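Hi everyone, thanks for coming.

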Amino acid sequence: MAVLRFPETDQKLENEAAIRGELAALGIDYERWSLDRVEADASAEDVLRAYAEEIEEMKRKGGYVTADVIDVNPATPNLDVMLAKFDKEHTHSEDEVRFILAGRGIFFLNIQGKVASVEVGPGDMLCVPKGTTHWFTLCEDRRIRAIRWFQQTSGWSPEYTDAGVDKNFQPLCFGPTYVGPRVETSIRG
Ligand SMILES: [Fe+2]
C-alpha cells in the first residue's frame, strides 16, 4: 500500500481511494493489483506469464510494446551507479510504469508547482506519464522487484533538469518497515 506525502505542507495520505484521487488530479494513475498470482520467489518468466492478461491490457491502453521484471537488491552489481541515474530530478520521453512485486521505493513528483512523494510497495501500480519531472529512490533495504512497461524497445534515457530540487527532500520511507527516528542516548555513569 502506498503512502502519499506532500512534504512541503506536511500532508500525508494512506487511504487508497484518497491517494488514487489526489494522484489522478495530478495526471498520475495509481492502482492496487493482487499479488497472489505467483510465489514471492517466482522467476521473472513465471511472473510475466502469471500477469500476462494485465500486461497485455496495459500495452493496449498505454501503447507499450514490451514489459520486463526488474529485480534490484543490495547484491546487485553497481547498485549505487544505477540508483544515481534515477535519484536526480529528470524527465523522459516515455511513461514510467511500475507494478511493485517486492521491496519499497519513493517516486518524487515535481508537478503542478508542488512536490509529491509516493512511497510504493508490493501491490502498487503507478504510471508516471512521459514528461513528468520526477526522481526515484529506494528505501533503506535497497530492494525492489517490479514489472516495467516500455513504449520503445530501445529503452529510455533520463533528461536531467539539474535544478537541484531533489536535494531539498529527504528520501525517507515511512511504510510498514518504518520504526521511527533513531534516538541517540547517552549513558552516564
Ligand atoms: Fe524516471
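Predicted model: local features only at pLDDT ≥ 70, side-chain atom pairs only at ≥ 80, totals over all residues.

Residues are numbered from 1 along each chain as its sequence is written, and side-chain values use heavy atoms, with hydrogens and water left out.

Let's begin with the whole chain. The protein has 4 helices and 12 strands; both are DSSP runs numbered from the N terminus, helices being H or I with at least four residues and strands E with at least two. The C-alpha trace spans about 65 × 40 × 35 Å along its principal axes.

Of the 189 residues, 44% count as buried. Here buried means under 20% relative accessible area, exposed means over 50%, and partly exposed is in between, with a 1.4 Å probe and protein chains only. If we take contacts (heavy atoms within 4.5 Å) between residues at least 6 apart in sequence, 73% of them join residues at least 24 apart.

Five strands, in the order 3-9-6-11-4, form an open sheet with antiparallel pairing; two strands pair if DSSP finds at least two bridges between them. Strand 3 (29-32) and strand 4 (66-72) are at the edges, and each has a single partner strand, so one side of each has no neighbour in the sheet. On average, neighbouring strands of this sheet are turned by 20 degrees against each other, direction ignored.

Strand 4 pairs with strand 11 (residues 144-150) in the antiparallel sense over 7 bridges, and there A67 sits opposite W149. Across this sheet lies helix 3 (residues 52-62), over strands 3, 4, 6, 9 and 11, at about 40 degrees to strand 11. For angles like these, axes are lines fitted to C-alpha atoms, for helices over the stretch in contact, and the angles run from 0 to 180 degrees between N-to-C directions.

Next, please find strand 8 (residues 114-120). How many of its 7 residues are buried? The count is 6, so strand 8 is mostly covered by the under-20% rule. Strand 8 has antiparallel pairing with strand 1 (residues 3-6) over 3 bridges, and with strand 7 (residues 105-111) over 7 bridges. E119 of strand 8 stands opposite V3 and is also the bridge partner of I106.

On to the inside. A nonpolar core here is a set of buried Ala, Val, Leu, Ile, Met, Phe, Trp, Tyr and Cys residues joined through side-chain atoms within 4.5 Å. The largest one has 29 residues, of which L4, L23, F107, L109, V118 and L126 touch the most other members. Leaving out residues up to four places away in sequence, L4 touches several residues, including L13, I19, L23 and V118. A second, separate core of 17 residues includes W33, Y51, A67 and V97.

C139 is in the loop between strand 10 (133-138) and strand 11, while C173 is in the segment after strand 12 (159-160), 34 residues apart. Both C139 and C173 are buried. C127 also counts as buried, at 9% relative accessibility.

Last stop, the backbone. Q112 is not a glycine, yet has a positive phi of about 50 degrees. Q112 belongs to the hairpin of strand 7 and strand 8, which has 2 residues between the strands, and is exposed at 59% relative accessible area. D162 is not a glycine either, and has a positive phi of about 55 degrees. D162 lies in the segment after strand 12 and is exposed at 71%.
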